[in-house]
Amino acid sequence: MAVHVEVTDSLGFRAQTVDGEQFWIGCAPSCSVQVEIPNCRSRVLEVKAVDGSLTVRTEPGLAFPVRSVTGNVGGRFEPCMDGD
């Protein structure tokens with residue numbers, strides 16, 4: 001399943017399509033989607049696409065919280081809504 005990702009970071013806005021059901025977004029070279037966040041050197045979000053729905057979780061031990069319109073995204077997978 002292809003996932004369309006829109007990123008706004010310190011480099012501005014861009015869109016990317018990831019062809020996979022599970023991938024990482026972050027600053028580490030191993031991430032499928034690279035983001036430019038000051039002082040970030042790791043993975044940030046793990047994304048899973050299952051049956052047309054997305055769920056995300058943060059990398060444990062992040063130095064900053066990750067929040068979405070559905071609430072805080074923590075160590076567990078949480079539903080991701082359009083616009084999160």
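Is Cys80 buried, partly exposed or exposed? At 28% relative accessibility, Cys80 counts as partly exposed; the classes are buried for under 20% relative accessible area, exposed for over 50% and partly exposed in between, with a 1.4 Å probe and protein chains only.

## Basis of the description

The model is predicted, and local features need pLDDT of at least 70, side-chain atom pairs count only at pLDDT 80 or more, and totals for chains, interfaces and linings use all residues. Residues are numbered from 1 along each chain as its sequence is written, and side-chain values use heavy atoms, with hydrogens and water left out.

## The sheet

Five strands form an open sheet in the order β4-β3-β5-β6-β9, and the pairing is mixed. The edges are β4 (33–34) and β9 (78–79); each has a single partner strand, so one side of each has no neighbour in the sheet. Strands here are DSSP runs of E with at least two residues, numbered from the N terminus, and two strands pair if DSSP finds at least two bridges between them. Strands of a sheet pair through backbone hydrogen bonds, either parallel or antiparallel.

Strand β5 (residues 43–50) and strand β6 (residues 53–58) run antiparallel and are joined by six bridges.

## Turn and loop residues with positive phi

The β5 and β6 strands form a hairpin with two residues between them. Asp51 lies in this loop between β5 and β6 and has a positive phi of about 55°, although it is not a glycine. Asp51 is exposed, its relative accessible area being 77%.

Asn39 is another non-glycine residue with a positive phi, near 65°. Its place is the loop between β4 and β5, where Asn39 counts as exposed at 75% relative accessibility. Most residues other than glycine have a negative phi, and most peptide bonds are trans.

## The cysteines

The structure holds one disulfide, defined as a pair of cysteine sulfur atoms within 2.5 Å. The disulfide joins Cys27 to Cys40, with S to S at 2.4 Å. The link of Cys27 and Cys40 is right-handed, with 110° about the S-S bond. Cys27 is in the loop between β3 (22–26) and β4, while Cys40 is in the loop between β4 and β5, so the pair ties together parts that are 13 residues apart in sequence. Both ends are buried: Cys27 has a relative accessible area of 16%, and Cys40 is at 12% relative accessibility.

Cys31 is in no disulfide, and the nearest cysteine sulfur, that of Cys27, is 7.3 Å away. Cys31 is buried, with a relative accessible area of 7%. For Cys80, the closest cysteine sulfur is in Cys31 at 16 Å, too far for a bond.

## Around Ser42

Ser42 is in the loop between β4 and β5 and counts as partly exposed at 28% relative accessibility. Apart from residues up to four places away in sequence, Ser42 touches Gly26, Cys27, Ala28 and Leu62, where contact means heavy atoms within 4.5 Å. The C-alpha atoms of Ser42 and Pro29 are separated by 8.4 Å, and these two residues are 13 residues apart along the chain.

The charged end of Arg43 sits over the ring of Trp24, 3.9 Å from its centre. The criterion is NZ of Lys or CZ of Arg within 6 Å of the ring centre and within 35 degrees of the ring normal.

The side chain of Arg43 also makes a polar contact of 3.0 Å with the side chain of Glu59. A polar contact is a pair of N or O atoms within 3.5 Å; within protein, one must be able to donate a hydrogen and the other to accept it, and residues adjacent in sequence count only if both atoms are side-chain atoms. Glu59 lies in the loop between β6 and β7 (66–68) and counts as buried, at 17% relative accessibility. Leaving aside neighbours within four places in sequence, Glu59 is in contact with Trp24, Arg43 and Val44.

Conventions:
Helices (H or I, at least four residues) and strands (E, at least two) are DSSP runs, numbered from the N terminus.
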